[in-house]
Amino acid sequence: MRFQDESTTPKEPSLAEQRARRQAIADQERQEAEAAEAARKADQKAATKRKILIGSGVTVGLAGLVATFYTVAKPTNETAVCTDASGVIQNDEFCDESYATSHGGYQSGGFWIIPLVGGGFNSYRYNYGGTGTIGQRVAGGTFTAPSGNTNVSTKSGKTVQRGGFGISGKTGTSGGTGGTGKSGGS
């Protein structure tokens with residue numbers, strides 16, 4: 001019948017039609033579930049990629065920070081020579097605290113003052129980076145102690161100042177500013 005008015009009751013669907021409708025609804029629900037699962041997996045994959053990218057950035061940043069720390073923390077080496085007040089290189093023992101104090105000397109303003117037999121005194125101090133041999137005037141260098149991360153030793157091998165973290169901030173035995181010749185663990 002091609003025409004049906006409002007007073008006519010619709011015909012019940014056949015078993016095949018009912019089965020086809022149920023199958024269509026089940027297919028539609030399955031497709032929606034698959035689409036939702038695919039979207040969830042895509043979101044999870046994107047979140048994992050973000051975490052990996054952030055983790056990689058943090059790792060590269062930390063590696064750079066550690067490399068910078070080791071570059072800065074690496075001590076430099078400097079040689080010190082003992083000179084008298086006129087800049088002539090003397091034996092290293094004259095700038096040694098134990099030698100000076102055992103001979104009645106003392107340290108003042110970066111100089112080691114050692115009294116002479118018969119009166120008077122001689123003053124000695126370190127020149128950092130200068131060259132020459134005992135009895136010659138020192139060539140180059142400076143009388144200011146290096147600061148920071150510097151290992152200072154004499155030509156005879158005695159350590160004057162160790163660089164690195166942990167240097168004592170006291171003024172004293174190294175011939176001026178800089179540390180006591182002792183280090184707290186560097």
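I'll start with strand 5, residues 150-154, where the side chains alternate. Thr 150, Val 152 and Thr 154 point to one face and are buried (under 20% relative accessible area, with exposed over 50% and partly exposed in between, 1.4 Å probe, protein chains only).

Now the background. This is a predicted model, in which local features need pLDDT of at least 70 and side-chain atom pairs count only at pLDDT 80 or more, while totals for chains, interfaces and linings use all residues. Residues are numbered from 1 along each chain as its sequence is written, and side-chain values use heavy atoms, leaving out hydrogens and water.

Opposite Val 152 in strand 5 stands Glu 78.

Overall, the protein has 2 helices and 6 strands, taken as DSSP runs numbered from the N terminus (helices H or I, at least four residues; strands E, at least two). Their order along the sequence is α-β-α-β-β-β-β-β. Of the 186 residues, 23% are buried. Of the contacts (heavy atoms within 4.5 Å) with a separation of 6 or more, 44% are between residues 24 or more positions apart.

Last, helix 1, residues 15-73, which includes Leu 65. Is Leu 65 buried or exposed? Leu 65 is exposed, because its relative accessible area is 56%.

Definitions and conventions:
Two strands pair if DSSP finds at least two bridges between them.
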